[in-house]
Amino acid sequence: MNHLNKPLIDHRIYTIALRKMPEFLEVFNRLAMPILMETLGHPVGFYTSLVGPQNQFVHLWAYDDLADYERRCKARDSHPDFAAYLAASGHLITAQETRLIKAAPMPAWQI
């Protein structure tokens, strides 16, 4: 099953300090991505804000269910290298929102 067929999405929004997005993206790519790919799998996607609240980095991850989400998040959080990412990015992130959203049945829409 690919990520487009998974019914639960972790929708994360990080607000990045003014003029720090390039530094944050470098730290995220270098330190977080190897861990996230190992523990969470492939993301749905990454985005930065264009209109509306600025300096926001959005990432989406797909899960089979809440148990899958909890299992993979525990693997991420307990990864021995995750603390290095948290330490390197802490001064760059001013706020974080995490939402779990679920797929809505829309039979008229097919991928």
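This is a predicted model: local features need pLDDT of at least 70, side-chain atom pairs count only at pLDDT 80 or more; totals for chains, interfaces and linings use all residues.
Leaving aside residues up to four places away in sequence, Phe28 touches Met33, Leu36, Phe46, Phe57, His59 and Tyr85. Phe28 also belongs to the largest nonpolar core, which counts 20 residues; Phe24, Phe28, Leu36, Phe57, Tyr63 and Tyr85 are the ones that touch the most other members. At least two residues of this core come from each of strand 1 (8–16), helix 1, strand 3 (56–63), helix 2 (66–77) and helix 3. Helix 1 gives the largest share, with 8 residues. Apart from this core there is another one, made of 5 residues, and Ile9, Ile13, Val58 and Leu60 are among them.

Read from the N terminus, the elements follow the order β-α-β-β-α-α-β. Taken along the principal axes, a box of roughly 45 × 35 × 20 Å is filled by the C-alpha atoms. The chain has 111 residues, and 37% of them count as buried. As for contacts between residues at least 6 apart in sequence, 78% link residues that are at least 24 apart.

Next comes the pairing of two helices. Such a packed pair is described by the angle between the axes and the distance between them. Here the axes of helix 1 (residues 21–39) and helix 3 (residues 82–89) come within 9 Å of each other and cross at roughly 170°. Angles over 145 degrees count as roughly antiparallel, so that is the label for helix 1 and helix 3. On the helix 1 side, the residues that meet the partner are Phe24, Val27, Phe28, Leu31, Ala32 and Ile35, while helix 3 brings in Phe82, Ala84, Tyr85, Ala88 and Ser89. Sorted by class, the contact of helix 1 with helix 3 holds 10 nonpolar residues and 1 polar residue, with no charged ones. Phe24, Phe28 and Tyr85 turn up in this contact and also in the list of core members with the most core neighbours.

Asp10 sits in strand 1 and, with a relative accessibility of 0%, counts as buried. Its neighbours, not counting residues up to four places away in sequence, are His59, Leu60, Trp61, Tyr63, Tyr69, Thr98, Arg99 and Leu100. The side chain of Asp10 also makes a polar contact of 2.8 Å with the side chain of Arg12.

Lys6 is found in the segment before strand 1. A relative accessible area of 18% makes Lys6 buried, since the cut-off for that label is under 20%. Its side chain reaches the side chain of Asp64 in a polar contact of 2.8 Å.

Over in helix 2 is Arg72, again buried, at 11% relative accessibility. The side chains of Arg72 and Asp68 are joined by a polar contact of 2.9 Å. Once residues up to four places away in sequence are set aside, Arg72 touches Thr39, Leu40, Gly41, Ala62 and Tyr63. Tyr63 is also on the list of residues touched by Asp10. Between Arg72 and Thr94 there are 25 Å from C-alpha to C-alpha, for a separation of 22 residues in sequence.

Arg19 has a positive phi of about 65° despite not being a glycine. Its place is the loop between strand 1 and helix 1, where Arg19 is exposed, at a relative accessible area of 70%. Asn55, another residue other than glycine, likewise has a positive phi, near 60°. Asn55 belongs to the loop between strand 2 (45–48) and strand 3, and with a relative accessible area of 27% it is partly exposed.

Terms used. Residues are numbered from 1 along each chain as its sequence is written. Side-chain values use heavy atoms; hydrogens and water are left out. Axes are lines fitted to C-alpha atoms, for helices over the stretch in contact, and angles run from 0 to 180 degrees between N-to-C directions. Helices (H or I, at least four residues) and strands (E, at least two) are DSSP runs, numbered from the N terminus. Angles under 35 degrees count as roughly parallel, over 145 as roughly antiparallel, 65 to 115 as roughly perpendicular and the rest as oblique. Contact means heavy atoms within 4.5 Å. Ala, Val, Leu, Ile, Met, Phe, Trp, Tyr, Cys and Pro count as nonpolar, Asp, Glu, Lys and Arg as charged, and the others, Gly among them, as polar. A nonpolar core is a set of buried Ala, Val, Leu, Ile, Met, Phe, Trp, Tyr and Cys residues joined through side-chain atoms within 4.5 Å. Buried means under 20% relative accessible area, exposed over 50%, partly exposed in between (1.4 Å probe, protein chains only). A polar contact is a pair of N or O atoms within 3.5 Å; within protein, one must be able to donate a hydrogen and the other to accept it, and residues adjacent in sequence count only if both atoms are side-chain atoms.
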